[in-house]
Amino acid sequence: MASIAIAGAGVAGRLAAWQLSRRGHRVTVFDPAPGPGAGLGGQGAAGFTAAGMLSPLAELEHAPAAIARLGLRSLEGWRQIAAALAQATGDAAAAFARFDDSLLLAHPADHGAAARVLARLALAPDIGTPEALATATLAALEPALAPGLKGWRLAGEGQVFPQRVLPALAEASHARWRWGEPVATVAPGCVVTSTGVRHGCDLAIDARGVGAGFASLRGVRGEVLWLHAPGVALGRPLRLMHARHRVYLVPRPGDVVVVGASEIESADRSPVSVRSAFELMGAAVSAMPALAEARVVHMETNLRPALPDNLPCIELADGLLRVGGLFRHGWLVAPALLEDALSGAGLN
Ligand SMILES: Cc1cc2nc3c(=O)[nH]c(=O)nc-3n(C[C@H](O)[C@H](O)[C@H](O)COP(=O)(O)OP(=O)(O)OC[C@H]3O[C@@H](n4cnc5c(N)ncnc54)[C@H](O)[C@@H]3O)c2cc1C
């Protein structure tokens, strides 16, 4: 049994704590957040701000096939995690994640953008193949869509519900949670908090997201809106392939639709800009006209932790593991990435 100190209780830190404590290791987690719940309105873990889409195939638009393969492996991981969280909490597994499908959509005028995306997806047929949908089939799946949209179904894609999964991972694990304690230094065999207290351990894990100790790490600004839309049916995540904007709509419990996300090369966490809100809402209403009467109940900005190649990275040395650079795929790849990281550290 090893003693493990984890800096950062975002997606990577909580999953690592949950996995390692289940394997019998003594785990302590440090994070500046005041507790396992609130996402600090964009000031804390990006994982809370994320839409939570698990879209290995659709992400091929932005990412290499290696990310999609990590994502495919992680889908199975999330199934198991959702089942275990359901058992631990007494809630249904579907309260944590769902895995049915997602849809790619395009207005007829955006045929060029759609053709480009579909060509990218066709480069990795082993990941999956979008299924072109007949108009009537699309309307039956998502009756609130604007008429005239073209649609493709991505079978097996899904979503996690970050506001449920992140607290549940903390509550269901046997780790010691040191909330309100930022870490200043993560070094082999120890973490040092910002108050200068040193905690020795067998393995220190740096999972501080955009605050992790990788050279050349940057934050990439992302903005999302939450719409309250009672009576507007949305059964699955949708992505609109638009000539100018990439916009997704993701259903959440309580008639909430998350609309996201901007991707801006800036580490600016200031509130959502008028331009982003305008573009996201305009594209969302073009796909689902009934959203024009939805209410904007929340807007949030956060930073995706990214390395120069926008790919995730595992750095392993004696007594030290850094996991980071999860960029726009943290939820998608985390279970498989951590499995690789922990087995590399001999912690299976
Ligand atoms: C708008 C937006 C939408 C997104 N949508 C998706 C999506 O649909 N699907 C997907 O797969 N991914 C998505 N992502 C990406 C995903 O959220 C990130 O890749 C993921 O959160 C990164 O995980 P992480 O654990 O590395 O960092 P984070 O989740 O950011 O967690 C880092 C943690 O470290 C803590 N920390 C920071 N500094 C310190 C310190 N000094 N000491 C101790 N702890 C510290 C923070 O408080 C935080 O809890 C999205 C991101 C954004 C911003």
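Which element gives the largest share of the lining of the second largest pocket? It is H3, with six residues. Before the rest, some conventions. This is a predicted model, in which local features need pLDDT of at least 70 and side-chain atom pairs count only at pLDDT 80 or more, while totals for chains, interfaces and linings use all residues. Numbering runs from 1 along each chain as its sequence is written, and side-chain values use heavy atoms, with hydrogens and water left out.

The pocket, then. It holds about 240 Å³ of space. A pocket here is an open set of points on a 1 Å grid over the protein atoms alone, where a 1.4 Å probe fits, with protein on both sides within 12 Å along at least five of seven lines; lining residues have an atom within 4 Å of a point. There are 13 lining residues, and Gln19, Gly77, Gln80, Ile81 and Glu339 are the closest to the centre. Helices H1 (11-22), H3 (65-89) and H8 (330-344) each supply at least two; helices are DSSP runs of H or I, at least four residues long.

Now the ligand. It has 34 residues around it, with Asp31, Ala46, Val183, Phe327 and Leu332 coming nearest; a residue counts if one of its heavy atoms lies within 4 Å. Oxygen atoms of the ligand lie 2.7 Å from a polar backbone atom of phenylalanine 327, 2.7 Å from one of leucine 332 and 3.0 Å from one of glycine 47. Taken alone, the ligand exposes 1000 Å², and the protein buries 92% of that, by the Shrake-Rupley method with a 1.4 Å probe.

Key
Grid points are joined across faces, edges and corners, and a volume is the space filled by probe spheres set on the points. A polar contact is a pair of N or O atoms within 3.5 Å; within protein, one must be able to donate a hydrogen and the other to accept it, and residues adjacent in sequence count only if both atoms are side-chain atoms.
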